[in-house]
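Here are a few exercises to work through with the structure open beside you. Try each task yourself before you read the solution.

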Amino acid sequence: QPPIIINRIKRKIDFLKGYEVQQRVKPRVLPRTPLHEMDADGAEQALQFVAEDQRFNFKRSRVWDNLIIEGMAGYRVGVKQNKNGDFDIELNVVPWDRIFFDPHSAQPDFSDGKYIGAVRWMDYDDALLMYPDGEDALQATINFSSNSTTYDDRPKYRMWADRKRKRIRIAQIWIKKG
């Protein structure tokens with residue numbers, strides 16, 4: 001008789017996903033003293049605007065999925081210049097398999113690590129727009145690469161570029177100094 005398999009892990013994962021959706025709250029800022037009530041109100045409105053503008057609820061759910069299944073997840077918070085020349089806050093989800101960190105870090109948030117980084121695969125033209133001063137390095141990386149035998153987003157075998165698809169691996173590393 002074939003074994004009977006009851007997937008209890010899927011039930012728990014589905015429960016945790018639903019629990020995350022159910023427990024969502026809007027960002028709140030509380031004043032430290034009565035004198036700071038107006039400051040707290042302005043900060044709260046700014047956080048709520050960014051959360052709505054960046055679709056934070058959707059991104060939080062994606063990160064939560066990675067956190068409860070794979071065990072690692074992250075956001076990258078940055079600024080991006082808009083058409084008016086102003087800067088907007090930008091939240092980007094960093095998939096779990098694109099994050100690397102100091103292996104000697106003992107804290108779960110890697111706060112004691114010397115570095116943390118993310119790997120991105122980009123089209124050559126997009127990488128050139130992002131790093132116009134690095135044209136020589138990007139071209140050399142493409143020239144010394146081989147054709148990939150896969151159509152995945154991430155070519156295998158630790159390649160730095162895929163000549164056939166004109167894609168290049170960009171490693172962004174944040175190093176803690178001092």
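**Exercise 1.** Work out which hand the crossing of H1 and H3 has, and how the two helices run relative to each other.

*Solution.* Keep in mind that this is a predicted model.
Step 1: find helix H1 at residues 8-22 and helix H3 at residues 56-69.
Step 2: check the hand of the crossing of H1 and H3, which is right-handed.
Step 3: look at the geometry; the helices pack at an angle of about 150°, and their axes are 10 Å apart.
Step 4: angles over 145 degrees count as roughly antiparallel, so H1 is roughly antiparallel to H3.

**Exercise 2.** Find out which residues make the contact between H1 and H3, and sort them by class.

*Solution.* Step 1: on the H1 side, pick out Ile 13, Leu 16, Lys 17, Glu 20 and Val 21.
Step 2: on the H3 side, you'll want Arg 60, Ser 61, Trp 64, Asp 65, Ile 68 and Ile 69.
Step 3: sort them, and you get 6 nonpolar, 1 polar and 4 charged residues in this contact.

**Exercise 3.** Describe the largest pocket: how much space lies in it, and what lines it?

*Solution.* Step 1: the largest pocket holds about 430 Å³ of space.
Step 2: its lining has 15 residues, and Arg 76, Asn 92, Arg 120, Met 130 and Gln 172 are the closest to the centre.
Step 3: strands S1 (74-81), S2 (87-94) and S4 (115-123) each supply at least two lining residues.
Step 4: by class, that lining splits into 8 nonpolar, 2 polar and 5 charged residues.

**Exercise 4.** Now do the second largest pocket: which element gives the most to its lining?

*Solution.* Step 1: this pocket has a volume of about 260 Å³.
Step 2: of its 15 lining residues, Ala 73, Gly 74, Tyr 75, Ile 99 and Ile 116 lie nearest the centre.
Step 3: S1 and S4 each supply at least two residues of the lining, and S1 gives the most, with 4.
Step 4: the classes come out as 11 nonpolar, 3 polar and 1 charged.

Terms used. Residues numbered from 1 in each chain as written. Predicted model: local features only at pLDDT ≥ 70, side-chain atom pairs only at ≥ 80, totals over all residues. Heavy atoms only, no water. 1 Å grid on protein atoms, 1.4 Å probe; cavity = no way out; pocket = protein on both sides within 12 Å on 5 of 7 lines; lining within 4 Å. Points joined across faces, edges and corners; volume = space filled by probe spheres on them. Nonpolar A, V, L, I, M, F, W, Y, C, P; charged D, E, K, R; others polar. Axes fitted to C-alpha atoms, helices over the stretch in contact; angles between N-to-C directions. Parallel < 35°, antiparallel > 145°, perpendicular 65-115°, else oblique. Left-handed = near helix turned anticlockwise from the far one by under 90°. Contact = heavy atoms within 4.5 Å.
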